[in-house]
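Welcome, and please take a moment to turn the model around before reading on.

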Amino acid sequence: MISLRQLRYLEALARHRHFGHAADECAVSQPGLSQQIQELEARLGVGLVERTRGSIGLTPAGVEVVGRARAILAAVDDLVGVARQASAPLTGPLRLGVIPSIAPYLLPAVLPLLQARHPALRLELRESQTRLIVDDLADGRLDAVLIALPSGRNDLEERPLFDDPFVLASAADRRPATPPAIHGILETERVLLLEEGHCLRDQALALCGATRPDLRAQLGATSLATVLQLVANGYGVTLLPDMSVEAETRNNPRVAVTRFAAPEPSRTIGLAWRRTSPRRRDYEALGAVLAEAHCGPEAQREPEARLAGSKDGTGGSQASLS
């Protein structure tokens, strides 16, 4: 009989392509994991794993089985979620993915609230780039993700929480005298960006890529801290999420922050989860705590209406960026 344990071992091996790393993740010995994979292959009557010297791959049948195994494992996790819905919300484990341009700025305020209001919650966090955590969500390795919306995927449900405006960060001695217009700055200044894969880079390119094709060829930094050191030394300007301003500039007096003239560019922060998940009650409760941590207890749902407007063409001139 095929077991869920065998499917989990196979799925881990498919991701790591290494028996030792997969065994560590599954908290099992390497020989034990290998034996379970062999038993699964024997039960199915087909080879799933190609074991060559120095590398591990999947056979065509293995690729197909792994895809179906991920769907089965996600459905099992959803089944457990159905049972938890009968009790209080936010009970038991919840695997949350968060992008790096949100995690260090919002989580310090969120985690104490969650601990105080939902002590039975066991939150498991993963911080990584949008594409990676969205893929993990779709494959069932995460329950929800906190990202800049929209995700661009039809298999996910989204809950906008709040808007996070962008501000201009420049060297203190080059701070604009009056609130600048977004396009005026981006067309005349050297704009410093994060490296490929970061959503903040994509957002900057969405704002000015059409008029500044040279930006795509620029090398990017790996962190906002690095970008701001370049800004402080006069190498250019950057777009900074409002939620990051205090943490990133409090000890850097050589960086000045200026709000843009209206309409301010912004991103919409929200939760996303699989449409098939039965844990909507949990995600709504989590979203309420996230919004309160950022906006206060009187947090409104305006971002939801604004995002809906941007989808049907009625959102006005302030666009939500992904």
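Grid points are joined across faces, edges and corners, and a volume is the space filled by probe spheres set on the points. What you see is a predicted model, in which local features need pLDDT of at least 70 and side-chain atom pairs count only at pLDDT 80 or more, while totals for chains, interfaces and linings use all residues. Residues are numbered from 1 along each chain as its sequence is written, and side-chain values use heavy atoms, with hydrogens and water left out.

Searching the whole structure turns up one cavity of 30 Å³ or more. The largest cavity holds about 90 Å³ of space. It is lined by 13 residues, and L192, L193, L200, T238 and L239 are the closest to its centre. Two or more lining residues come from each of α8 (199-208), α9 (224-232) and β7 (238-241); these labels refer to DSSP runs numbered from the N terminus, helices being H or I of at least four residues and strands E of at least two. α8 gives the largest share of this lining, four residues. By class, the cavity lining has ten nonpolar, two polar and one charged residues, where Ala, Val, Leu, Ile, Met, Phe, Trp, Tyr, Cys and Pro count as nonpolar, Asp, Glu, Lys and Arg as charged, and the others, Gly among them, as polar.

Now move to the largest pocket, with about 550 Å³ of space. Of its 23 lining residues, R8, D77, R95, G140 and R141 lie nearest the centre. At least two residues of the lining come from each of α1 (4-16), α2 (19-26), α4 (60-85), β3 (92-98) and β4 (121-127), and α4 supplies the largest share, five residues. Which classes make up this lining? It has 15 charged, seven nonpolar and one polar residues.

Next come the helices. Two packed helices are described by the angle between their axes and the distance between the axes. Here axes are lines fitted to C-alpha atoms over the stretch in contact, and angles run from 0 to 180 degrees between N-to-C directions. α2 packs with α3 (residues 30-44) at about 100 degrees, their axes 8 Å apart. The two are therefore roughly perpendicular, a label for angles of 65 to 115 degrees. F19, G20, A22, A23 and C26 of α2 meet Q30, L33 and S34 of α3, contact meaning heavy atoms within 4.5 Å. This contact has five nonpolar, three polar and no charged residues.

Finally, look at the backbone. The peptide bond from L149 to P150 is cis, with omega near 0 degrees, and P150 sits in the loop between β5 (144-149) and β6 (156-171). Another cis peptide bond joins A262 and P263, with omega about 0 degrees; P263 belongs to the loop between β8 (255-259) and β9 (266-274). In the loop between α1 and α2 you will find R17, a residue other than glycine whose phi is positive, near 55 degrees.

Technical notes. On a 1 Å grid over the protein atoms alone, a cavity is a set of points where a 1.4 Å probe fits but cannot get out, and a pocket is an open set with protein on both sides within 12 Å along at least five of seven lines; lining residues have an atom within 4 Å of a point. Angles under 35 degrees count as roughly parallel, over 145 as roughly antiparallel, 65 to 115 as roughly perpendicular and the rest as oblique.
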